[in-house]
Amino acid sequence: MTAPGQKAIALDAMGGDRAPEEVVQGGLRAARELGIPVCLVGDRPRLEALLAGESVPDCLTIEHAPETVTMEDHAAESVRRKRQSSIVVGARLVASGAAAALVSAGNTGAAMAASLFHIGRLPGVERPAIAIPLPTRTGVCLVLDAGANAEVRPEHLVQFARMGRIYAQAVYGLREPKVGLLNVGEEPTKGTRIVQEAHALLSASRGLGFVGNVEGKDVPNGVADVVVCDGFVGNIVLKLAEGVSATLFDILKQDVFTGWRGALAGLLLRPALRAVKARLDYAEYGGAPLLGVNGVVIIAHGRSDRRAIFNAIKAAAEAVARDVPTRIAGAFAATPEECEARA
């Protein structure tokens, strides 16, 4: 799978609740099984100790970064102060062109700050956004923003829609993704002033595939392929979805698959339940792209294990192969006339 001269994915080996052990194993697996060049960014002595006795492929390397940004650190302050931290060094590798992408399961705010300070925004993009892939009845829905921008203006939501649509086309292969605006009702007059104004702007934007307002229940039903909202609401949607999924399976274990009848039912349904659980498991999706920065950045879940890190690296490699930042830059550089022609 490795192409000659292919740049490595910079992996923040010290970021995340299970770092560095699980992160290193996820990177090692991606390098072994997929041939993706991976650069582990972190404390070299500690990383070398974890790799001792392992069969390490040539495409797995280490970039020394002696400092670590913790989950408790203030995002912007720690990025400025800890210049030799793994997340900052990883961002600098992408900015310099030494790495193709950055993957981090560490402090989300620090990952965003390091990306903005060192990689920078794409021209024309006012607010980069975190795009979370959520499983639906029909496939996947990309929800953005999921935490980068607690407060937004109507035009920001339009930009989120444009970036999300490009990502869905490039990575998910959707020719005409449907875009929805998350709201408390379907009518254009529902919601806050910002959401109402965003609805008017989205409706007037040609070539976006805007289908109108969507309610929370519409997201898992696959009414839209891309759903835009501010980061405050989007993060609540994400955490609620995670909680509902985990609680559902806990209820099945406690109240359904009990006694000999329940055990028998569980045995018969095990293959189907495993398939459903896999579809709902965040680890299967790896991470969320930070769209709007001048490079590929994947923000993985803080609790990511080796499987989640492996899939996050796959997601980063796919975004690099599909040249997502260049596609977004091209769309934002286009004139209104060109946008209408493309529609």
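This is a guided tour of a predicted model, going from the whole chain to single residues.

**Whole chain.** Start with everything shown as a cartoon. The protein has 13 helices and 11 strands. Its radius of gyration is 21 Å, close to the 20 Å that the globule rule gives for 343 residues, so the protein is as compact as a globular protein of that length. The C-alpha trace spans about 60 × 60 × 40 Å along its principal axes.

Switch to a surface. Of the 343 residues, 49% count as buried. Among contacts with a separation of 6 or more, 70% are between residues 24 or more positions apart.

Colour the charged side chains next. There are 37 positive and 37 negative side chains. The centres of these two sets lie 3 Å apart.

**Two domains.** Select 1–125 together with 292–332 for domain 1, and 127–285 for domain 2. The C-alpha centres of the two domains lie 25 Å apart. The contact between them takes 24 residues from domain 1 and 17 residues from domain 2.

**Helix α4.** Select residues 86–96, which form helix α4. How many of its 11 residues are buried? Eight are, so this helix is mostly covered. The buried ones are S86, I87, V88, V89, G90, A91, L93 and V94.

Now show what lies over them. The cover includes the strands β1 (8–12), β2 (38–42), β3 (60–64) and β4 (99–104). It also includes the helices α3 (75–81) and α5 (108–119). Step just past the end of α4 to G97, where phi is positive, about 90°.

Go to the loop between β1 and α1 (21–34), where P20 lies. Select A19 along with P20: a cis peptide bond joins the two, with omega about -5°.

**Strand β6 and V143.** Select residues 140–144, strand β6, and pick out V143 within the strand. Is V143 buried or exposed? With a relative accessible area of 2%, V143 is buried, because buried means under 20%.

Display the surroundings of V143. Beyond its neighbours within four places in sequence, V143 is in contact with I130, A131, I132 and L134, and also with V219, V227 and C229. For a distance check, draw a line from V143 to H118: their C-alpha atoms are 25 Å apart, and the two residues are 25 positions apart in sequence.

Move on to L144 and D145. The peptide bond from L144 to D145 is cis, with omega near 15°. D145 sits in the loop between β6 and α6 (154–172).

**Between α11 and α12.** The last stop is D323, in the loop between α11 (306–321) and α12 (324–333). What is phi of D323? The angle is near 55°, a positive value in a residue other than glycine. The relative accessible area of D323 is 36%, so D323 is partly exposed.

Technical notes: Residues are numbered from 1 along each chain as its sequence is written. This is a predicted model: local features need pLDDT of at least 70, side-chain atom pairs count only at pLDDT 80 or more; totals for chains, interfaces and linings use all residues. Side-chain values use heavy atoms; hydrogens and water are left out. Helices (H or I, at least four residues) and strands (E, at least two) are DSSP runs, numbered from the N terminus. The radius of gyration is taken over C-alpha atoms; the globule rule is 2.2 Å times the number of residues to the power 0.38. Buried means under 20% relative accessible area, exposed over 50%, partly exposed in between (1.4 Å probe, protein chains only). Contact means heavy atoms within 4.5 Å. Lys and Arg count as positive and Asp and Glu as negative; His and the chain ends are not counted. The place of a charge is taken as NZ of Lys, CZ of Arg, CG of Asp or CD of Glu. Domain bounds come from an automatic or database domain assignment.
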